[in-house]
Protein chains: 6
Amino acid sequence: MRPDNRKNDELRLITVQRNFTGAAPGCVLISAGDTAVLCSASITEELPPWMKRNATPESTKGWLTAEYRMLPGSTSPRTSRSDKPDGRATEIQRLIGRSLRSVVNLEQLGQRTIYIDCDVLRADGGTRTLSITGAFIALKDAILSIQDKLPKPDESVILDSVAAVSAGIVNGVPILDLSYCEDVNAEVDMNIVMTGAGRFIEIQGTGEEATFSEEELQQLLTLGKKGISELFRIQQTQSNR
Amino acid sequence: MRPDNRKNDELRLITVQRNFTGAAPGCVLISAGDTAVLCSASITEELPPWMKRNATPESTKGWLTAEYRMLPGSTSPRTSRSDKPDGRATEIQRLIGRSLRSVVNLEQLGQRTIYIDCDVLRADGGTRTLSITGAFIALKDAILSIQDKLPKPDESVILDSVAAVSAGIVNGVPILDLSYCEDVNAEVDMNIVMTGAGRFIEIQGTGEEATFSEEELQQLLTLGKKGISELFRIQQTQSNR
Amino acid sequence: MRPDNRKNDELRLITVQRNFTGAAPGCVLISAGDTAVLCSASITEELPPWMKRNATPESTKGWLTAEYRMLPGSTSPRTSRSDKPDGRATEIQRLIGRSLRSVVNLEQLGQRTIYIDCDVLRADGGTRTLSITGAFIALKDAILSIQDKLPKPDESVILDSVAAVSAGIVNGVPILDLSYCEDVNAEVDMNIVMTGAGRFIEIQGTGEEATFSEEELQQLLTLGKKGISELFRIQQTQSNR
Amino acid sequence: MRPDNRKNDELRLITVQRNFTGAAPGCVLISAGDTAVLCSASITEELPPWMKRNATPESTKGWLTAEYRMLPGSTSPRTSRSDKPDGRATEIQRLIGRSLRSVVNLEQLGQRTIYIDCDVLRADGGTRTLSITGAFIALKDAILSIQDKLPKPDESVILDSVAAVSAGIVNGVPILDLSYCEDVNAEVDMNIVMTGAGRFIEIQGTGEEATFSEEELQQLLTLGKKGISELFRIQQTQSNR
Amino acid sequence: MRPDNRKNDELRLITVQRNFTGAAPGCVLISAGDTAVLCSASITEELPPWMKRNATPESTKGWLTAEYRMLPGSTSPRTSRSDKPDGRATEIQRLIGRSLRSVVNLEQLGQRTIYIDCDVLRADGGTRTLSITGAFIALKDAILSIQDKLPKPDESVILDSVAAVSAGIVNGVPILDLSYCEDVNAEVDMNIVMTGAGRFIEIQGTGEEATFSEEELQQLLTLGKKGISELFRIQQTQSNR
Amino acid sequence: MRPDNRKNDELRLITVQRNFTGAAPGCVLISAGDTAVLCSASITEELPPWMKRNATPESTKGWLTAEYRMLPGSTSPRTSRSDKPDGRATEIQRLIGRSLRSVVNLEQLGQRTIYIDCDVLRADGGTRTLSITGAFIALKDAILSIQDKLPKPDESVILDSVAAVSAGIVNGVPILDLSYCEDVNAEVDMNIVMTGAGRFIEIQGTGEEATFSEEELQQLLTLGKKGISELFRIQQTQSNR
């Protein structure tokens with residue numbers, strides 16, 4: 001039995017608030033159970049320095065990058081504010097960036113940079129996958145705000161949708177969308193990022209001080225695919241509003 | 001005429017959401033017009049290292065410290081994430097800490113540290129004074145959660161209430177509670193922090209590339225006192241809920 | 001009775017040595033009682049990067065910035081040399097910069113940067129206000145050395161003089177120009193920066209773990225104005241040499 | 001056709017030199033084709049600070065941690081020396097540490113820390129997986145040197161062997177053990193870490209600016225398992241010397 | 001002919017002001033020509049952490065360490081403030097520390113640390129050797145202030161005196177005590193540190209983009225010994241005051 | 001008697017492997033007894049920023065710089081990986097750079113930078129001098145690879161050879177090429193860098209907590225010259241292969 005009585009293949013309740021503060025063109029407050037992440041998508045009309053150096057004036061390629069942090073008050077006890085993204089945050093923000101880039105046609109973004117900022121307001125497990133799911137909605141809103149200024153204003157630079165979810169094995173049982181108290185007891189932890197077309201963007205399966213069999217791997221993949229298909233339904237409902 | 005048609009001595013609309021995410025014992029989302037700050041108050045059962053070194057076992061003195069940051073997506077264009085507080089953030093978080101400490105009886109807090117985290121979700125002027133006003137509400141909620149564990153559980157360690165507001169001179173006219181577009185044009189900028197009993201905690205009046213007369217100083221003080229008395233009414237309404 | 005028998009409204013003995021080492025065009029060793037600060041004003045024929053980026057070739061606007069540090073041997077016991085300016089130093093050097101900029105016509109400085117370096121050789125209270133008072137003399141000497149190269153060589157880019165002093169309430173009594181042992185016991189601490197024309201540049205009144213009434217505020221302002229008018233007399237005597 | 005005429009499921013030539021410099025108790029120079037990594041395993045008789053704080057005197061639990069860096073001369077053109085691990089190095093060293101910890105019985109290591117240092121002498125693709133494969137051999141040598149001092153000297157604290165390999169999809173074709181020029185052209189990149197018993201420790205499959213189907217995932221897993229079984233044969237040959 | 005008409009084996013004019021600010025127990029302003037260094041010697045009743053860890057309660061060994069910085073205004077044009085010592089400053093402060101430690105009986109200092117701070121107020125060549133010569137005087141004054149508290153109050157912990165000077169080859173001619181404009185043109189640069197008893201503490205001879213013969217080495221050593229013997233005379237005169 | 005039965009004027013066994021990994025154009029693994037250093041020489045077709053700023057298009061001057069680090073596993077117990085080069089590493093890499101620059105005709109190198117990376121694989125004393133001796137061989141190989149592209153392809157930009165060795169006084173006896181256990185007991189430590197033509201590039205003689213007489217200085221110089229002449233023979237044998 002799971003602490004909140006969920007079934008093993010059941011997601012937590014997902015809520016989405018688009019345009020939450022209105023400061024950035026994409027600004028989404030997404031929550032899954034007690035986990036809440038503020039996902040902002042900002043756009044600057046400039047390439048990052050490493051791209052700018054080599055870009056020709058006629059190039060239409062842009063870039064997307066992501067930052068991830070947990071606010072100190074997002075956990076109890078409080079998490080110290082860290083000087084630099086620590087190892088875990090570095091990994092997560094690289095994952096968020098890669099995941100979103102894989103569905104954006106950077107070649108038609110124009111010489112601009114999209115910044116995705118995922119700031120965790122409350123952390124109860126699954127912050128990295130929820131960040132990806134929420135950031136995609138913010139990204140869509142942000143790109144909508146510059147659609148007219150794109151090199152090809154009539155084409156979408158978003159090639160597919162993206163959502164992500166966690167799965168894991170706790171006490172030998174594969175379950176979907178782990179909360180924090182499940183996560184700390186998990187023998188195996190897997191994060192799955194997929195496209196709306198059902199293709200994988202990223203799979204990360206880790207057994208910290210444990211290992212997993214091929215059969216368990218397949219069970220986790222099955223759970224993940226089920227969860228992600230539900231997330232896409234939620235994303236779509238949101239976007240149509 | 002002010003951009004949002006306010007009178008010169010009129011505050012922006014203030015909204016307060018207590019227990020916003022529920023992670024920290026005090027967790028307040030406060031907004032004034034378009035400015036929004038998430039104020040968390042967390043408590044750790046440990047003194048900061050510099051106090052711990054010199055504390056005797058029977059000492060009942062505690063500490064309160066504050067951190068202030070702007071989320072990157074809180075402004076448009078986006079603000080670069082600075083994990084270390086820059087000069088401005090350093091000044092502000094020191095001000096927040098001093099202001100709240102002046103109404104807390106640290107001697108009866110017990111050997112613990114209260115962390116105030118003010119994370120600006122949207123910045124449209126007045127973030128430092130709004131942080132103080134909101135943080136005081138979060139502080140009260142947090143202390144309520146440990147009231148039973150205090151050295152003297154029957155006494156309040158909060159000696160008075162605190163609120164803060166800005167005033168300034170724009171185009172020669174003294175006005176209250178400046179929004180961002182007023183702030184950048186201000187000749188003189190003043191931040192005032194006061195207690196519920198009507199005493200000053202802090203006055204900072206600054207003329208960047210400008211100066212001000214004694215008469216203007218008095219006008220700004222009058223505006224500030226009026227605004228703060230309204231903020232105390234709002235705080236009280238909130239606290240009674 | 002004050003430790004050095006001063007009257008409550010009496011400054012410490014002020015001494016000024018212009019051209020102290022001769023390395024920088026402005027180089028002033030100023031002391032107030034046991035507090036001694038070396039104030040250097042250096043000029044580089046280049047804007048700071050953030051201004052340079054946006055400056056047109058015909059722009060005549062320059063910049064002035066300040067740095068403040070305490071030498072490790074300026075206190076007993078020794079102060080550790082800090083990697084970066086700590087919170088206090090950051091606040092102080094921003095105050096010094098703002099104060100001097102408010103009397104310089106940056107628009108007629110030409111595309112150059114004036115660096116004010118205030119290095120405290122001995123710290124016995126009042127280092128920030130003494131830094132401002134001394135730095136103004138160094139600034140005048142430095143600008144004199146480039147007067148011929150200014151966009152308008154016949155006009156002064158220094159619009160007014162600047163001096164600063166501290167006042168505070170110790171054991172309930174308002175006093176002027178606090179030494180270190182008075183400062184640590186002060187209930188209220190105020191720093192006042194004014195122009196020769198009698199206008200305020202900056203007022204910072206702080207009650208650390210204390211508060212102050214409107215009447216006390218006015219008493220401190222009166223003390224400050226008296227002290228500053230004497231400092232202007234001393235500055236003028238110096239400049240005429 | 002692969003650049004070095006390998007078959008799609010063929011490893012590069014693997015060479016292993018144990019006790020390469022003799023400074024650390026485990027010191028292995030491992031190479032796969034042109035990629036060469038120096039893997040050192042050092043042991044200190046002290047827990048890391050975060051464990052030490054909470055360890056009881058009778059606890060027998062130890063720790064293992066890993067660091068990964070590329071020497072500047074390991075690539076052409078030269079890679080700038082980064083003393084702090086960048087995002088990529090952070091990810092890799094966390095992966096190495098997790099992978100080795102999953103086969104070490106930390107509970108019976110005693111209050112000591114094993115440091116795994118993987119310094120890449122030449123980088124031609126697959127440095128992270130080769131680091132794991134080589135570090136396991138160094139780890140075994142290092143633990144052998146303290147076997148007598150372990151809490152249970154008659155039991156092995158190494159529970160299983162570990163090896164790792166990369167697989168990827170290049171021009172639509174799944175291949176094993178990518179060299180650098182294959183890696184930069186890969187649509188999908190997968191790193192697989194397994195135990196000698198055939199269980200997974202870690203799977204990381206990434207489509208940077210690309211995605212992959214379920215069928216492709218299975219093909220990559222099959223390649224990886226084949227490569228890893230060969231690496232175990234090589235490790236065993238080495239260990240018996 | 002040298003720029004200031006000195007003979008090739010002639011020192012610049014040396015001035016010494018003991019107890020310059022009075023904050024630290026040793027506080028010497030020393031100048032050689034236009035070069036001026038403030039040398040402070042402070043004493044803390046605590047060992048540095050790395051010594052403290054291994055010190056037994058009855059140990060009487062202390063430590064001496066040095067820091068060296070150039071104030072930004074010490075050069076024209078201004079030198080950027082580097083809070084961390086750069087490569088050059090690191091070398092110099094290590095040299096100062098080693099030089100003074102070689103004449104102090106650390107074993108009889110007691111468990112305390114002497115901090116030598118050499119802050120260059122004006123830099124015109126020879127700052128590192130002048131720092132050593134001045135710091136020795138400050139060190140003597142500082143130790144005098146704790147002579148009564150030493151483990152053996154009747155014995156001197158200063159075993160010999162120390163002074164240092166530079167010599168170099170400019171346009172093929174060996175000269176003593178180079179000023180800045182000589183230093184930048186020098187083919188060979190040598191710093192010599194000696195004891196009052198005529199023994200070497202340190203010799204550093206460097207040919208940047210040049211080399212020197214054995215004969216030239218001997219000529220430089222001869223110049224250095226002559227200069228240092230004069231510096232000892234000056235030190236002694238000072239100390240007797 | 002020395003620990004390894006060497007005579008007082010005898011070098012340790014020197015081995016040299018040119019083209020060790022093949023990644024950089026110069027890549028030498030050099031060892032002296034148990035000390036082993038990997039010396040890489042890489043070439044980038046760009047000046048360092050500080051030179052680039054002032055270089056005219058027709059300038060043919062280049063630069064050479066060096067970095068030195070010890071791998072964590074090069075010592076037992078392990079050396080912590082340091083964030084930045086510490087004071088010792090900073091000194092050493094500056095010495096290596098100066099020494100090699102003194103025999104390179106930078107004026108005919110073209111607008112490129114040579115990076116010398118000396119990474120110590122095993123540290124048993126004499127790492128800095130062995131780095132210089134090995135780096136010179138790597139430098140020659142690297143320059144050979146660009147000889148055709150030099151401004152004057154028919155002239156050598158290497159003006160002379162360079163080698164270095166240590167000497168020291170242990171228990172009152174001057175000895176050559178100290179191993180680690182000799183080095184820690186040395187009263188005096190000297191590093192000597194010379195050219196093939198028998199001229200000095202650098203002499204650094206240091207008495208940490210000790211001093212040395214003029215006679216001892218001469219004995220150390222004699223030992224150093226003998227050792228260096230043997231190193232030149234070894235370098236030459238290598239280069240002719």
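Predicted model: local features only at pLDDT ≥ 70, side-chain atom pairs only at ≥ 80, totals over all residues.
Chain A and chain E, by contrast, share no contact.

**Chains A and B**

- Chain B is superposed on chain A by a rotation of 180 degrees, with 0.0 Å of shift along the axis and an RMSD of 0.1 Å. That is the relation of a two-fold axis.
- In chain B, B:Asp83 has the C-alpha nearest to this axis, at a distance of 1.4 Å.
- Between chain B and chain A, about 2,400 Å² of area is buried, and carbon and sulfur atoms give 53% of that area.
- On the chain B side, the residues that lose the most area to chain A are B:Arg78, B:Arg81 and B:Asp83, which together account for 27% of what that side buries.
- The copies meet through the same surface, because 100% of the interface residues of chain B are also interface residues in chain A.

**Chains A and D**

- Chain D can also be laid on chain A, by a turn of 180 degrees with a shift of 0.0 Å along the axis, giving an RMSD of 0.1 Å.
- D:Gln204 is the residue of chain D that comes closest to the rotation axis, with its C-alpha at 2.3 Å.
- Both copies use the same surface here, as 100% of the contact residues of chain D recur in chain A.
- The area buried between chain D and chain A is about 3,000 Å², with 47% of it coming from carbon and sulfur atoms.
- Three residues, D:Glu91, D:Phe200 and D:Thr211, supply 18% of the area that chain D buries against chain A, more than any other three residues.

**Chain pairs without contact**

- The closest C-alpha atoms of chain A and chain E lie 18 Å apart, and no contact joins the two chains.
- Chain D and chain E do not touch either, and their nearest C-alpha atoms are 15 Å apart.

- A:Glu202 belongs to strand S9 of chain A, which covers residues 200-206.
- With a relative accessible area of 2%, A:Glu202 counts as buried, since the cut-off for buried is under 20%.
- Its side chain makes a polar contact of 2.6 Å with the side chain of A:Arg98.
- Leaving aside neighbours within four places in sequence, A:Glu202 is in contact with residues of chain A including A:Leu95, A:Asn191 and A:Val193. From chain D, A:Glu202 is in contact with D:Gly205, D:Thr206 and D:Phe212.

**A:Thr21, in a loop**

- A:Thr21 sits in the loop between strand S1 (14-17) and strand S2 (26-32) of chain A.
- This residue is buried too, with a relative accessible area of 12%.
- A polar atom of the A:Thr21 side chain lies 3.3 Å from the backbone nitrogen of A:Ala23.
- Not counting residues up to four places away in sequence, A:Thr21 touches A:Cys27 in its own chain, and B:Leu121 and B:Arg122 in chain B.

- Helix H3 of chain E runs over residues 127-146, and its 20 residues should span 28 Å at 1.5 Å a residue. The end C-alpha atoms of H3(E) are 28 Å apart, which agrees with that expectation.
- H3(E) is largely enclosed by the rest of the structure, because 17 of its 20 residues are buried.
- Helix H2 of chain B covers residues 87-101, and its 15 residues should span 21 Å at 1.5 Å a residue. The end C-alpha atoms of H2(B) are 21 Å apart, again in agreement.
- In H2(B), 13 of the 15 residues are buried, so this helix is largely enclosed by the rest of the structure.

**Cysteines**

- Zero disulfides are found over all chains when the whole structure is searched.
- The cut-off for a disulfide is a pair of cysteine sulfur atoms within 2.5 Å.
- A:Cys27 is buried, with a relative accessible area of 2%, whereas F:Cys181 is partly exposed at 39% relative accessibility.

Conventions
Residues numbered from 1 in each chain as written. Chains lettered and ligands numbered in written order. Heavy atoms only, no water. Buried < 20%, exposed > 50% of the residue type's maximum accessible area, 1.4 Å probe, protein only. Helix = DSSP H or I, 4+ residues; strand = E, 2+ residues; numbered from the N terminus. Expected span 1.5 Å × (residues − 1). Least-squares fit on C-alpha atoms with pLDDT ≥ 70 in both. Contact = heavy atoms within 4.5 Å. Polar contact = N/O pair within 3.5 Å; in protein donor to acceptor, adjacent residues only side chain to side chain. Buried area = accessible area lost by both parts, 1.4 Å probe.
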